[in-house]
Amino acid sequence: MQYEVKNSPLPVLICRLEAGESIECQRGAMSWMTSAIQMKTGFGSGGSGGVLGALGKIARNAVTGESIFRNTYSAVDGNGEIAFASTFPGDIICFDTTTEPIVAQKSAYLASTIGVRMDIFFQKKIGAGFFGGEGFIMQRFSGQGMVFLEINGGICEYTLEAGQSMFIDTGYLAAMEETCSMDIEAIKGLGNVFLGGEGLFNTRVTGPGKIWLQTMPANALAGSLQSYLTSNSN
């Protein structure tokens, strides 16, 4: 399979499939495709099969808010092309899960090749789940294949050494390697808490491993638009 991402900051992922190749996505993610591509809806290829596998996917999607079904698009009648447009201004990046499992925010998933497994990523420290902004609603992608993720705004990549930490405001962590760990840290000082406008906690991600930060989280944009719309409605 060949692919390219074009037209940033409103990007689209264009995949060119050879006969017999397939790609999966969430229901409704396909934007356009050629006539050689055929669709099949099911539970997807990632994860365990059977009843237990289906129940696991139902539980996972109940937490993340995604559909329990995934669409598989295959090039049946010769080579074909299929496109997945981003739902938010930003970028689309690709990870090879064969090399390293990747952990990403729940809204990042766009599409994946056959063989990529999607699971809920649990934090060892419960505080990171409840207060860190990501925690229990992050997803882990592993297996054999490529996963394509949506990034809100621009992307900044950092490599953290063992023990090195980055403090991140809620929503700005787009993805990280599984070797990284996540925790929360309370903002110090009453003046900083009540006057700083940064909330009560920051997310702390500690290496070793790479992290990918996004410059325009959906929640930050929504807050800006809400303030603007409220001020203009008075």
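This is a predicted model: local features need pLDDT of at least 70, side-chain atom pairs count only at pLDDT 80 or more; totals for chains, interfaces and linings use all residues.
Student: What about C15, buried or exposed?

Tutor: C15 counts as buried, since its relative accessibility is 0%.

Student: And how many disulfides does the structure hold?

Tutor: The structure holds 0 disulfides.

Student: Okay, stepping back. What's the overall make-up in helices and strands?

Tutor: The protein has 4 helices and 19 strands. Of its 234 residues, 43% are buried. The exposed surface comes to about 11800 Å², with carbon and sulfur atoms supplying 57% of it.

Student: How much of the contact set joins residues at least 24 apart?

Tutor: If you take contacts between residues at least 6 apart in sequence, 81% of them join residues at least 24 apart.

Student: How many bridges join strand 4 to strand 7?

Tutor: Strand 4 and strand 7 (residues 80-85) pair over 2 bridges, in the antiparallel sense. W32 stands opposite A83 of strand 7 there.

Student: And strand 2 with strand 7, how many bridges?

Tutor: Strand 2 and strand 7 have 6 bridges, again in the antiparallel sense. L17 faces G80 in strand 7.

Student: Switching to aromatics, how many aromatic pairs are there?

Tutor: The count comes to 3 aromatic pairs. In one of them, Y3 and F148 have ring centres 4.9 Å apart and planes at 75°, so the pair is edge-to-face.

Student: Which parts does that pair tie together?

Tutor: Y3 lies in strand 1 and F148 in strand 13 (residues 146-152), so the pair ties together parts that are 145 residues apart in sequence. Y3 is partly exposed at 35% relative accessibility, whereas F148 is buried at 0%.

Student: What's the geometry of F95 and W212?

Tutor: F95 and W212 also make an edge-to-face pair, with 4.7 Å centre to centre and 80° between the planes. F95 sits in strand 8 (residues 90-96) and W212 in strand 19, so this pair links parts that are 117 residues apart in sequence. Both F95 and W212 are buried.

Student: You mentioned F148. Which residues does S112 contact, leaving aside its neighbours within four places in sequence?

Tutor: S112 is in contact with I23, E24, R70, M146, V147 and F148. S112 lies in strand 10 (residues 109-113), and its relative accessible area of 0% makes it buried.

Student: What does the side chain of S112 make a polar contact with?

Tutor: The partner is the side chain of Y109, at 2.9 Å.

Student: Last topic, backbone geometry. Is the peptide bond from S8 to P9 cis or trans?

Tutor: The S8 to P9 bond is cis, with omega near 15°. P9 is in the loop between strand 1 (2-6) and strand 2 (12-17). The bond from G207 to P208 is cis too, with omega near 20°. P208 is in the loop between strand 18 (201-206) and strand 19 (209-214).

Student: And what's the phi of N7?

Tutor: N7 has a positive phi of about 70°, although it is not a glycine. Most residues other than glycine have a negative phi, and most peptide bonds are trans.

Student: Where does N7 sit, and is it buried or exposed?

Tutor: N7 is in the loop between strand 1 and strand 2. With 53% relative accessibility, N7 counts as exposed.

Conventions: Residues are numbered from 1 along each chain as its sequence is written. Side-chain values use heavy atoms; hydrogens and water are left out. Buried means under 20% relative accessible area, exposed over 50%, partly exposed in between (1.4 Å probe, protein chains only). Contact means heavy atoms within 4.5 Å. Accessible areas come from the Shrake-Rupley method with a 1.4 Å probe; for residues, only the protein chains shown count as cover. A disulfide is a pair of cysteine sulfur atoms within 2.5 Å. A polar contact is a pair of N or O atoms within 3.5 Å; within protein, one must be able to donate a hydrogen and the other to accept it, and residues adjacent in sequence count only if both atoms are side-chain atoms. Two strands pair if DSSP finds at least two bridges between them. Rings of Phe, Tyr and Trp (its six-membered ring) pair if their centres lie within 6.5 Å; planes under 30 degrees apart count as stacked, over 60 as edge-to-face and the rest as tilted.
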